[in-house]
Structure formats: C-alpha cells, structure tokens
Amino acid sequence: MNGERDPGLQPERTRLAWRRTTLSSTVAAVLAVKTALHGGASAEGIAVGALCCALWLAFLFLARHRVRVLAATATPRALPARHATAAVLCAVAMAVCAAVLVV
C-alpha cells in the first residue's frame, strides 16, 4: 500500500455519514407522525408529531449545509460548534418526542 493519504476520502466519508443520519432521521420522523395518528388523532399526538417534523426540518437544513461545505472545497473547515450543538439537540429532542409518543 502507498503511504500517502488521500485528502478526499475523509470529507467523502463524512458526507456519506451526514446522508445516512438524515435518512434515519427521516424514517424516525415518519414513524413519529404515523404513531401520533394511529388510533385517532389527539391534540397531544398532533403537537408532538409536528414538533418531530420541525426538528427533522432543522436537522435536514444543518445536514444539507454541511454536505455543501464538504463538497465546496478540497479541505473543508471544521464543523462550527453551534452547528454541532444544534444537530445533537435535534437528535436528542427527536428521541424525547419518540419516547413521549410511545408511552
């Protein structure tokens, strides 16, 4: 094997990771809405389902922005702390919403 590092591999892996996470977030949001509407729509279920959709949109926006940054340059800048914090908060809030819908 050649000992040289390919600088394009890490941004590509990161881009694919963002896409996989976005896909799993989409599945979680769809399942949350389905669960909220199962057995009749209640005000609480609709509110939590709408919150899951809003969190999904926020995460989608963050992921799309990051993928664009990764594709724009050969050596992308690091993910800003506020974007990382927002992504983590979206994921945690979606998990909380899912727990509320299941219980």
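**Figure 1. Buried residues of helix α2 in the predicted model.** In this predicted model, the buried residues of α2 are Gly45, Val48, Gly49, Cys52, Leu55, Phe59, Leu62, Ala63, Arg66, Val67, Val69 and Leu70. The cover over these buried residues includes α1 (9–37) and α3. Helix α2 itself runs over residues 43–72, which is 30 residues. From its first C-alpha to its last, α2 reaches 43 Å, close to the 44 Å expected at 1.5 Å a residue.

Figure 2. Which residues of α1 are buried? They are Pro11, Arg15, Trp18, Thr22, Ser25, Ala29, Ala32 and Ala36. What covers them includes α2 and α3. Helix α1 has 29 residues and spans 42 Å between its first and last C-alpha, close to the 42 Å expected at 1.5 Å a residue. Just after α1 comes Gly39, with a positive phi of about 75°.

Figure 3. Trp56 is a residue of helix α2. Leaving aside residues up to four places away in sequence, Trp56 touches Thr22, Ser25, Thr26, Ala29 and Met94. Trp56 and Cys90 are 34 residues apart along the chain, and their C-alpha atoms are separated by 7.4 Å.

**Figure 4. Ala91 and Leu55.** Ala91 belongs to helix α3, while Leu55 is one of the buried residues of α2. Ala91 has a relative accessible area of 44% and is therefore partly exposed. Along the chain, Ala91 and Leu55 are 36 residues apart.

**Figure 5. The salt bridge between Glu12 and Arg15.** How many salt bridges does a search of the whole structure find? The search finds 1 salt bridge. Glu12 forms it with Arg15, and the closest N and O atoms are 2.6 Å apart. Side chains of opposite charge can pair when their charged atoms come close. Both Glu12 and Arg15 lie in helix α1, 3 residues apart, which is about one turn of the helix.

Figure 6. How many disulfides does a search of the whole structure find? The search finds 0 disulfides. For Cys53, the nearest cysteine sulfur is that of Cys52, 7.0 Å away, and Cys53 is in no disulfide. A disulfide needs two cysteine sulfur atoms within 2.5 Å. Cys53 has 30% relative accessibility, so it counts as partly exposed. Cys90 is in no disulfide either; the nearest cysteine sulfur, that of Cys97, is 10 Å away. With 8% relative accessibility, Cys90 counts as buried.

Figure 7. Which residues make the nonpolar surface patch? Val88, Val92, Val96 and Val100 make it, and its area is about 320 Å². One of these residues, Val96, is placed in helix α3, which covers residues 81–102.

**Figure 8. Thr14 and Arg20 on helix α1.** Thr14 lies in helix α1, and Arg20 has its place in helix α1 too. Thr14 has a relative accessible area of 22%, so it is partly exposed. Arg20 is exposed because its relative accessible area is 55%. Thr14 and Ala58 are 44 residues apart in sequence, and 19 Å lies between their C-alpha atoms. Arg20 and Leu89 are 69 residues apart in sequence, with 18 Å from C-alpha to C-alpha.

Notes
Residues numbered from 1 in each chain as written. Predicted model: local features only at pLDDT ≥ 70, side-chain atom pairs only at ≥ 80, totals over all residues. Heavy atoms only, no water. Buried < 20%, exposed > 50% of the residue type's maximum accessible area, 1.4 Å probe, protein only. Patch = residues over 30% accessible without salt bridge, like charges linked within 9 Å, V, L, I, M, F, W, Y side chains within 5 Å. Areas by Shrake-Rupley, 256 points an atom, 1.4 Å probe, with all protein chains shown as cover. Salt bridge = Lys/Arg side-chain N within 4 Å of Asp/Glu carboxyl O. Helix = DSSP H or I, 4+ residues; strand = E, 2+ residues; numbered from the N terminus. Expected span 1.5 Å × (residues − 1). Contact = heavy atoms within 4.5 Å.
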